[in-house]
Amino acid sequence: MTNERLTFQARHLADALRCVAPPLHPDQDARVALEPLLISPNRLAQWLRAHCALYAGHIHVTGTLDRRLVLVQRTDDRWVVADLSGEPHDTRAWPAWAQRHIRLDSPAEWLSLADLTAEAEYRLSRPRVLLAALYHPEHFPLPRFPLGISDVARAARSTLMGTISLTDMQLGTTLADLIEQVGQEPPDILGISSTFGQHDLMVELLDAAYALPQPPLVIAGGSLTARNEGLLLERYPRLLIARAAGEPTIQDLLAHWHDDLALDQVHGIGYNGAARGEGTLTIGRRRTAKPVSRARSDFLPELDLLPATFEHHGVAQLEASRGCTNFCSFCPRGHKGQWAGGTPGDLGWILDHMRAVYDRYPDISRTLYLVDEEFIGRGPQAVPRALHMADVLHGAGFTWETSCRIDQVTHPERDFTWHVDRAGMWRALVDKGLRRCLFGVESGVDTILERFNKETGGEQNALAIRTLSALGVPTRFTYITFDHLMSFEELKETYAFQGRTDLLMRPLPDVPVEDIVNGVRDPEWVTAHGSGRAFYAGISYMLVSMECLIGAAYTKRVQKAGLARQARPSMGRQDAEFADWRIGVCSKWAQLWVDRNFALDYTLKSLEKILDREPRYRVRTARVVLKDAAFTVLGAMIAAAENEPATRLPGRAPCWRTASAACWMRRSSTCASAWRGPSSTWPESCPHSMPPRWTPNTAGGPAPTNGA
């Protein structure tokens with residue numbers, strides 16, 4: 001399928017080449033071959049240099065994907081400057097340096113002759129920037145489009161300075177390859193994106209970079225570096241740490257490289273200098289201010305690496321918003337910022353380019369993963385914006401997945417009309433291509449939710465789960481089963497909530513939303529329309545334990561309670577004991593169970609992302625087998641642990657009944673993974689007999705009782 005936007009840009013490029021020299025004008029076949037190169041300025045520049053070798057001097061391709069700028073030097077030393085979007089040059093926000101050093105003959109046209117100073121030529125070619133994303137393929141086998149470095153690349157290219165290259169270890173590049181690239185073709189600026197579990201890779205790369213005779217200017221960003229800033233700066237005195245959204249930082253850093261800005265004027269970085277305030281595990285450093293407002297809604301990516309992502313059977317990601325509307329206690333938010341929504345109209349051009357790439361990979365599911373923390377947002381325009389965004393995505397031929405808070409479904413302080421409007425919105429979003437939405441429920445226990453600062457309640461969560469399932473909204477929920485400050489009663493309430501069978505309703509597409517809003521609050525209606533499935537079937541990952549992330553408010557409470565132990569900056573977290581030692585034992589064995597099954601579960605989850613229709617349904621069904629087994633394990637551990645004293649006696653051997661249950665977990669994991677029925681129908685032929693299981697009332701009634 002021909003993409004009109006790309007055809008339009010290729011035609012503009014052809015006209016620009018004719019202006020350089022008539023023999024350079026490509027024919028129709030050549031223009032079609034050019035279209036895939038338009039998303040990668042480096043590949044396009046390489047093609048142009050080969051194509052124009054006999055008729056042109058220097059060539060530069062710069063600017064963002066939506067306003068790609070081509071500059072070709074003619075033999076008479078004049079320059080042809082073409083904006084491939086077709087927009088007049090004077091509609092571009094030209095950087096100050098370009099206004100001084102580029103003189104256009106026809107600024108009101110998209111194609112113009114121009115004179116460039118030597119400074120302009122230098123700035124167009126330098127600095128050489130390499131943006132690298134790290135990756136452990138053994139941890140997460142499914143590649144995801146590297147949104148972080150792709151967003152930063154767009155911001156860098158908007159300055160019109162330098163050449164920006166991207167590399168991602170998800171896409172076949174090994175750490176040895178990356179180190180060799182940095183050594184043989186040293187960049188002027190090296191940007192490293194690193195998240196949890198990648199500290200070892202980052203250290204090895206930084207060691208290699210700083211061992212060079214002339215090390216590049218290195219900046220590291222990502223969730224991990226925000227947590228262990230002090231550790232990195234102590235080991236690498238010249239390193240810069242990105243502490244906020246990377247787009248304004250990289251723009252300032254390019255200006256700093258050209259001596260336009262002093263280092264302390266580069267927004268959002270940490271580096272060695274004067275002492276700074278209280279923070280994570282750090283020594284005296286200096287931090288620069290974060291930008292107050294700098295195109296906060298422009299967080300679209302360059303697409304250089306999208307074809308390679310599909311070649312490696314990966315998935316595409318975008319952001320429709322950035323930040324969150326809440327401050328959960330377990331989430332350190334210092335580097336993430338407040339919520340800001342993108343403009344739906346801005347998606348059109350990038351979806352056109354993405355659709356053209358999808359056309360070349362017909363076996364890839366046309367699903368976009370919006371990695372928003374909160375898709376809907378706040379304010380009177382939240383619902384219209386969400387529906388408009390869905391219209392744009394659906395109109396471009398995509399299904400899509402996203403995330404948001406549960407209070408976008410039900411809210412105790414809102415009236416009936418608000419709930420009807422929200423229910424109508426969710427049903428409309430499904431009609432407009434919403435394939436699945438993730439909700440961070442995290443708990444169904446009020447005291448835990450208060451400790452997590454979720455600003456939601458257990459009954460609110462229950463009503464939202466019923467509403468979403470009755471509306472037919474495909475969902476997945478995250479749930480923290482163990483946290484260090486929880487009581488044993490809270491653990492039992494957690495188990496009861498996960499096992500409730502009055503939460504997941506049958507989809508009711510023909511029932512008016514008003515009836516659903518009323519019905520989810522009516523026990524008889526709930527009984528009549530229930531699916532019979534336990535809530536845990538909708539939890540994305542079972543048996544999850546809280547991670548005490550460095551800098552989080554929850555971690556500070558753990559420290560205050562005297563439970564904090566060794567810090568693990570390489571993972572951005574701190575070890576901790578559990579207030580109830582029995583829960584700590586359960587958490588330990590649960591994590592071993594998770595580790596044993598994670599590779600299989602994550603692979604199945606990854607397959608869900610790239611499959612459609614019946615194959616996807618079969619994979620999703622297979623994951624429920626693991627959830628059944630996990631819930632059985634949880635019940636067995638609670639039954640064993642409840643018979644142990646709340647205070648562990650000195651010299652007492654480890655909880656033998658919990659250890660026995662854990663032993664059963666290990667022995668039976670193969671059967672649990674292979675068994676295709678619910679745990680209540682465990683096959684009698686299985687040689688691993690079921691241990692006693694604590695059995696709550698899972699219909700949401702009175703407090704649970706113990707049983708075998």
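This is a predicted model: local features need pLDDT of at least 70, side-chain atom pairs count only at pLDDT 80 or more; totals for chains, interfaces and linings use all residues.

Student: OK, backbone first. Where is L160 found?

Tutor: L160 sits in the loop between α6 (147–158) and β7 (163–168). Its phi is positive, about 65°, although L160 is not a glycine.

Student: Is L160 buried or exposed?

Tutor: L160 counts as buried because its relative accessibility is 1%, and the cut-off for buried is under 20%.

Student: Which loop holds L543?

Tutor: The loop between α20 (523–529) and α21 (553–560). L543 is not a glycine either, and has a positive phi of about 60°. L543 is buried, at 0% relative accessibility.

Student: And the peptide bond from R126 to P127, cis or trans?

Tutor: That bond is cis, with omega near 5°. P127 lies in the loop between α5 (118–125) and β6 (128–133).

Student: Switching to strands. Which way do the side chains of β16 point?

Tutor: β16 covers residues 367–370. T367 and Y369 point one way, L368 and L370 the other, and all of them are buried. In a regular strand the side chains alternate between the two faces of the sheet.

Student: What does β16 pair with?

Tutor: Strand β13 (residues 316–318) pairs with β16 in the parallel sense, over three bridges. A316 has L368 in β16 as its bridge partner. Strand β17 (residues 399–404) is also joined to β16 by three bridges, and these two run parallel. There, T367 is partnered with T399 of β17.

Student: What about β5, which residues are on its covered face?

Tutor: S112, A114 and L116 make up the covered face of β5. L111, L113 and D115 make up the uncovered one.

Student: Parallel or antiparallel, for β3 and β5?

Tutor: Antiparallel, over four bridges. A82 has L111 in β5 as its bridge partner.

Student: How many bridges join β4 to β5?

Tutor: Three, and those strands run antiparallel. The bridge partner of L104 in β5 is A114. β4 and β5 form a hairpin, with six residues between them.

Student: Now charges. How many salt bridges are there?

Tutor: The count comes to 38 salt bridges. One of them joins R78 to D105, with the closest N and O atoms 2.7 Å apart. D105 is partly exposed, with a relative accessible area of 43%.

Student: Where do R235 and D207 lie?

Tutor: The side chains of R235 and D207 meet in a salt bridge, 3.1 Å from N to O. R235 lies in helix α10 (residues 229–235) and D207 in helix α8 (residues 199–210), so the bridge ties together parts that are 28 residues apart in sequence. R235 counts as partly exposed at 49% relative accessibility, and D207 is partly exposed at 33%.

Student: And R405, buried or exposed?

Tutor: R405 is buried, at 6% relative accessibility. Its side chain meets that of D407 in a salt bridge, 2.9 Å from N to O. D407 is buried too, with a relative accessible area of 5%.

Student: Which residues form a network through shared partners?

Tutor: R68, R157, E302 and D304, joined by salt bridges that share partners.

Student: Which residues gather in the patch of negative charge on the surface?

Tutor: D446, E450, E459 and E493. E450 is found in helix α16 (residues 446–451), and is exposed, with a relative accessible area of 65%.

Student: Last one. How many residues apart in sequence are G197 and H136?

Tutor: They are 61 residues apart in sequence, and 7.9 Å apart in space from C-alpha to C-alpha. G197 lies in the loop between β8 (189–193) and α8, and is buried, with a relative accessible area of 16%.

Definitions and conventions: Residues are numbered from 1 along each chain as its sequence is written. Side-chain values use heavy atoms; hydrogens and water are left out. Patches are made of residues with over 30% relative accessible area and no salt bridge: like charges are joined within 9 Å, nonpolar side chains (Val, Leu, Ile, Met, Phe, Trp, Tyr) within 5 Å. Accessible areas come from the Shrake-Rupley method with a 1.4 Å probe; for residues, only the protein chains shown count as cover. A salt bridge is a side-chain nitrogen of Lys or Arg within 4 Å of a carboxyl oxygen of Asp or Glu. Lys and Arg count as positive and Asp and Glu as negative; His and the chain ends are not counted. The place of a charge is taken as NZ of Lys, CZ of Arg, CG of Asp or CD of Glu. Buried means under 20% relative accessible area, exposed over 50%, partly exposed in between (1.4 Å probe, protein chains only). Two strands pair if DSSP finds at least two bridges between them.
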